[in-house]
Amino acid sequence: MKNRTRALALAGSAALVATLVGAAPAPAAPAAPKVASVHGAGTISYPYVPKEHDIRFTVDAEQVPWSRPFPAQGGEQGMPVDARGKVTVYHAMPDQNFTGVAEAQVDCVVTGGRTAVITAVVTSSNVGWEGKRIGISVQDGEHGAPDRVGFSWGIANVDVQPDGTVAEPHVGTCMAPAPFTEVVKGGFKVTPAPLAPRPAKP
């Protein structure tokens, strides 16, 4: 009788364990790694143009790490700040009866806290910028501070030649000045993320 009772107890324990194991939720799939991004649109205040000028930036950019390989560099897989997306620059000049517009494809995004730098290569414009890389910095304001924007033309990225002439140098990937202007309408959302680890080589 004792053996039978013990056998029944063991059988009951096994059934309970099987029930608990079967009822346990499956392990959650690992979360996708966070990537940096910048989204938004804003009109800026820029003191070096007439007040009636309207200057706007639209940014829709997201990191796609290691997606732009360098075949000539021994198969290097790209950079952790490789990115995709679109930037639009709009500058209405009523005093000149002209509006300049440029659209560019994003190639780099890097973040540090609530500040980001984006570069993009112009694909279409009415100001002769096709093929030019532009750099834009964005600061996502906090605690009531305004958002800010900087850009790689106008007051920055000037190379003075030995003869005193001034040239505008090439803009490298993820290169832009500090965000030196305030956004007076609209705003931007900067999502920071750590740099992605280097992928294993195949």
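Author: Let's start with how the elements are named: helices (H or I, at least four residues) and strands (E, at least two) are DSSP runs, numbered from the N terminus. The model here is predicted, so local features need pLDDT of at least 70 and side-chain atom pairs count only at pLDDT 80 or more, while totals for chains, interfaces and linings use all residues. Residues are numbered from 1 along each chain as its sequence is written, and side-chain values use heavy atoms, with hydrogens and water left out.

Reader: Okay, what pattern does the protein chain follow along the sequence?
Author: You can count one helix and ten strands in the protein chain. Read along the sequence, they follow the pattern α-β-β-β-β-β-β-β-β-β-β.

Reader: And what percentage of the 202 residues is buried?
Author: Buried means under 20% relative accessible area, exposed over 50%, and partly exposed in between (1.4 Å probe, protein chains only). Of the 202 residues in the protein chain, the buried ones make up 33%.

Reader: What share of the contacts in the protein chain with a separation of 6 or more comes from residues 24 or more positions apart?
Author: A contact means heavy atoms within 4.5 Å. Take the contacts with a separation of 6 or more; the share from residues 24 or more positions apart is 56%.

Reader: Which residues touch the most other members in the largest nonpolar core?
Author: A nonpolar core is a set of buried Ala, Val, Leu, Ile, Met, Phe, Trp, Tyr and Cys residues joined through side-chain atoms within 4.5 Å. The largest one has 31 residues. Among the elements giving two or more residues to this core are strand 1 (37-45), strand 3 (83-93), strand 4 (98-112) and strand 10 (181-191). The members that touch the most others are Phe-57, Val-87, Ile-118 and Ile-134.

Reader: Is Phe-57 buried or exposed?
Author: Look in strand 2 (residues 54-63) to find Phe-57. With a relative accessible area of 2%, Phe-57 is buried.

Reader: How many aromatic pairs does a search of the whole structure find?
Author: Rings of Phe, Tyr and Trp (its six-membered ring) pair if their centres lie within 6.5 Å; planes under 30 degrees apart count as stacked, over 60 as edge-to-face and the rest as tilted. Ring pairs link Tyr-46, Tyr-48, Phe-57, Trp-129, Phe-151, Trp-153 and Phe-180 into a cluster. Across the whole structure, the number of aromatic pairs found is seven.

Reader: How far apart in sequence are the parts that the pair of Phe-57 and Trp-153 ties together?
Author: In this tilted pair, the ring centres of Phe-57 and Trp-153 are 6.2 Å apart and the planes are at 45°. Trp-153 counts as buried at 15% relative accessibility. Phe-57 is in strand 2 and Trp-153 is in the loop between strand 7 (148-151) and strand 8 (159-160), so the pair ties together parts whose distance along the sequence is 96 residues.

Reader: Which residue lies over the face of Trp-129?
Author: A charge sits over a ring if NZ of Lys or CZ of Arg is within 6 Å of the ring centre and within 35 degrees of the ring normal. At 4.2 Å from the ring centre of Trp-129, you'll find Lys-132.

Reader: Which side chain does Arg-133 join through a polar contact of 2.9 Å?
Author: A polar contact is a pair of N or O atoms within 3.5 Å; within protein, one must be able to donate a hydrogen and the other to accept it, and residues adjacent in sequence count only if both atoms are side-chain atoms. Arg-133 is in strand 6 and is buried, with a relative accessible area of 17%. Its side chain reaches the backbone oxygen of Val-171 at 3.1 Å. The side-chain partner at 2.9 Å is Asp-107.

Reader: What separates the C-alpha atoms of Gly-187 and Thr-43?
Author: Gly-187 lies in strand 10 and is partly exposed, with a relative accessible area of 24%. Along the chain, Gly-187 and Thr-43 are 144 residues apart, but their C-alpha atoms are separated by 8.1 Å.

Reader: What is phi of His-143?
Author: Most residues other than glycine have a negative phi. His-143, found in the loop between strand 6 and strand 7, counts as exposed at 79% relative accessibility. Its phi is positive, near 55°.
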